[in-house]
Amino acid sequence: MMDIVTAMGWNYVSTLASEGNYGESGVEAFIQISRETGGVCIAQSLKIPREPRLGEFDKIIRRLLETSNARAIIMFANEDDIQRVLDAAKRNNQTGHFLWVGSDSWGSKISPVIRQEKVAEGAITILPKRASVDAFDRYFRSRSLSNNRRNVWFAEFWEENFNCKLGMHGKRPGSLKKCTGLEKVGRDSSYEQEGKVQFVMDAVYAMAHALHRMHRELCYGYPGLCPRMASIDGKELLSHIRAVRFNGSAGTPVVFNENGDAPGRYDIFQYQITNRSMAEYRVIGSWTNKLHLKVEAMRWRTGDPSLPASVCSVPCRAGERKKVVKGVLCCWHCERCEGYHYQASEFTCELCPYEMRPDANRTGCVPIPIIKLEWHSPWAVFPVFISMLGIVATSFVIVTFVRYNDTPIVRASGREMSYVLLTGIFLCYAITFLMIATPDVGVCSFRRIFLGLGMCFSYAALLTKTNRIHRIFEQGKKSVTAPRFISPASQLVITFSLISVQLLGVFVWFVVDPPHTVVDYGEQRTQDPVAARGVLKCDISDLSLICSLGYSILLMVTCTVYAIKTRGVPETFNEAKPIGFTMYTTCIIWLAFIPIFFGTSQSAERMYIQTTTLTISLSLSASVSLGMLYMPKVYIILFHPEQNVPKRKRSFKAIVTAATMSGKLTQKGGDRPNGEVKTELCESMETNTLSTKTTYVSYSNHAI
């Protein structure tokens with residue numbers, strides 16, 4: 001019965017027994033086996049009193065319904081109790097709810113289920129496996145009143161079997177028919193061999209074999225009982241009974257195990273209602289040391305082959321662990337493994353390794369997908385578009401300057417320094433492609449080199465220019481002697497000296513921490529593991545990035561300071577004012593960059609936002625320099641060549657004096673008419689020009 005319950009998947013059942021040795025010992029054995037196997041829990045264990053009171057069976061049904069999930073009822077009860085339990089279930093409208101599992105006291109008997117067919121439908125019962133003994137049939141059918149007088153109950157059986165009365169002393173006073181004595185068993189009445197005949201015969205034979213064996217051992221060669229055998233006790237006889245082994249009346253071996261039990265051989269029945277609305281017991285399996293069950297032959301409701309459940313809790317789904325109710329192993333609550341946890345066992349959830357996440361069913365872990373900034377991403381398309389425009393524009397300016405290399409405007413711009421600055425602008429645009437390219441050792445190496453190099457080229461050149469202008473006009477206030485290191489060669493040396501500091505820092509960085517790629521699983525480790533991604537990137541921290549750009553930013557700030565100091569230089573003498581505007585705008589761009597870059601450090605879109613912000617900031621700063629310093633010159637070169645002619649020569653002293661006067665007069669301009677200021681400046685310039693006309697320099701950066 002335990003094997004049947006287990007095969008059905010029923011782990012939560014109740015037991016019901018008739019009070020007495022048979023019922024109580026049967027239920028006790030079932031409960032003991034359930035504890036040993038551990039697969040079945042007993043919801044309730046109820047007894048039917050020997051003398052039940054009125055309403056006792058209705059009370060039993062109500063108690064069974066208190067644990068309604070325990071639909072399977074294990075019954076060790078007599079026929080009358082079985083019938084009354086079924087009747088009570090019917091009265092309480094529980095037809096089809098309970099799943100009855102009856103012992104051999106129910107077996108395949110009709111009397112317990114008469115008029116209870118619907119409520120008993122689907123009941124599973126067992127009977128010891130039996131075989132009809134043909135010799136007994138021949139013997140019993142040959143019995144008559146004349147040849148079976150030794151059986152004192154045979155006359156009563158005769159009247160009952162043939163529904164007649166034997167003479168004046170018959171046992172059936174209400175019967176009008178008189179027995180003739182010529183009736184024949186099996187001919188004049190229905191006959192079916194009792195199923196336990198085989199076991200009764202084998203039991204008698206077992207006793208006979210035991211006595212025979214005992215006699216042979218204790219009284220060998222002595223006819224009848226010898227004195228040794230006359231005084232034996234029951235234990236000695238029992239040992240001989242357990243030792244017998246012979247083929248029984250049905251041809252099956254009769255043996256006993258160490259506990260004195262015969263081998264269990266059972267037929268398993270199910271009470272089914274056929275399509276013709278006829279109820280009958282059908283064999284659905286057998287048990288001989290193990291269960292053989294034909295599940296496909298079972299029927300629970302008319303025409304319904306589906307298997308009903310009798311469980312306290314439904315099985316947890318994949319990815320859920322069982323939280324067992326204290327004291328009841330078959331009852332639990334299902335808790336889903338949350339976050340990055342997966343179902344490691346039936347009762348536990350464990351955390352996936354850091355680089356992995358739970359699979360769709362949460363029954364294991366799978367690697368977290370690795371992503372990078374793709375070229376087709378909107379975060380990349382816009383920076384690339386700006387960079388391509390900038391590279392085209394920068395290339396156009398370089399080609400124009402090379403084509404008109406000897407014209408006054410190109411020479412006045414300082415050709416050598418212009419090419420250095422344009423190189424830096426080009427690198428600022430080109431770094432966008434390195435920042436978006438798939439990270440590997442090569443890409444990471446070039447990122448370290450060129451990330452700050454473009455800005456360093458640009459601001460080193462601009463710083464050298466603004467410092468040169470400042471030194472020239474400061475020197476002019478003291479003497480007419482030109483300051484040192486203002487020649488083009490000197491300017492290039494100063495510029496590349498400043499650039500070499502950046503390259504030296506990058507070289508040290510390479511030595512201390514060689515470039516390599518990493519997969520950052522923390523950047524996009526969202527609460528929902530489905531959205532988690534590992535980010536493939538170069539091993540460049542925010543601090544390293546700022547250090548790489550820090551030197552260029554320092555050059556930019558210093559250049560801005562010099563631009564402020566030279567703001568008083570007239571625009572007719574130099575490009576100091578465009579440089580100043582360039583630096584002011586660039587500072588604003590990078591001041592906006594800092595909060596955006598660091599403010600998104602905790603964002604799930606950090607990689608995209610920071611890369612896009614950095615590349616656009618570099619492109620914008622390059623665009624400002626290109627637009628303010630070179631586009632006006634290109635415009636004049638291409639569309640107003642008449643303005644691209646040499647200006648008159650001026651002395652160094654005249655230029656410096658004019659600049660000095662310009663600063664003074666500008667301060668006094670609030671007290672004079674606008675025309676007076678301009679007149680005074682022009683007169684001063686003209687006077688200085690005449691007095692120092694032997695010393696000339698061209699109106700260009702070469703001259704200054």
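The questions and answers below go through features of a predicted model.

Q: What makes Arg 143 a buried residue without a salt bridge?
A: Arg 143 is buried, and the nearest side chain of opposite charge, Asp 137, is 12 Å away. A salt bridge needs the nitrogen and the carboxyl oxygen within 4 Å, so Asp 137 at 12 Å does not qualify as a partner of Arg 143.

Q: Where is Arg 143 in the chain, and what does its side chain meet?
A: Arg 143 sits in the loop between α6 (134-141) and α7 (154-162). Its side chain makes a polar contact with the side chain of Ser 142 at 3.5 Å, and the side chain of Arg 143 also reaches the backbone oxygen of Asn 147 at 3.1 Å. Leaving aside neighbours within four places in sequence, Arg 143 is in contact with Asn 148, Phe 154, Trp 158 and Val 185.

Q: Why are Asp 58 and Arg 91 said to form a salt bridge?
A: The closest N and O atoms of Asp 58 and Arg 91 are 2.9 Å apart. The limit is 4 Å, so the pair counts as a salt bridge. This pair links distant parts of the chain, with Asp 58 in helix α3 (residues 56-66) and Arg 91 in helix α4, 33 residues apart.

Q: How many salt bridges are counted?
A: The count comes to 19 salt bridges.

Q: Why is the phi of Arg 115 worth noting?
A: Most residues other than glycine have a negative phi. Arg 115 is not a glycine, yet its phi is positive, about 65 degrees. Arg 115 is in the loop between β4 and α5 (117-120). At 60% relative accessibility it is over the 50% limit, so Arg 115 counts as exposed.

Q: What is the phi of Asn 163, and where is this residue?
A: Phi of Asn 163 is near 50 degrees, a positive value in a residue other than glycine. Asn 163 is in the loop between α7 and α8 (197-218). Its relative accessible area is 44%, so Asn 163 is partly exposed.

Q: What makes Thr 95 partly exposed?
A: Thr 95 has a relative accessible area of 38%. This lies between 20% and 50%, so Thr 95 is partly exposed. Thr 95 is found in the loop between α4 (79-91) and β4. Not counting residues up to four places away in sequence, Thr 95 touches Ala 89, Lys 90, Lys 118 and Val 119.

Q: How do you know that strand β4 is covered on both faces?
A: In β4 (residues 99-102), Leu 99 and Val 101 on one side and Trp 100 and Gly 102 on the other are all buried.

Q: Why are β3 and β4 called paired strands?
A: Four bridges join β3 to β4, which run parallel. At least two bridges are needed, so β3 and β4 pair. Met 75 has Gly 102 in β4 as its bridge partner.

Q: What sheet do the strands form?
A: Eight strands form an open sheet with mixed pairing, in the order β2-β1-β3-β4-β5-β8-β9-β10. The edge strands, β2 (41-48) and β10 (291-293), each pair on one side only.

Definitions and conventions:
Residues numbered from 1 in each chain as written. Predicted model: local features only at pLDDT ≥ 70, side-chain atom pairs only at ≥ 80, totals over all residues. Heavy atoms only, no water. Buried < 20%, exposed > 50% of the residue type's maximum accessible area, 1.4 Å probe, protein only. Lys, Arg positive; Asp, Glu negative; His and termini not counted. Polar contact = N/O pair within 3.5 Å; in protein donor to acceptor, adjacent residues only side chain to side chain. Contact = heavy atoms within 4.5 Å.
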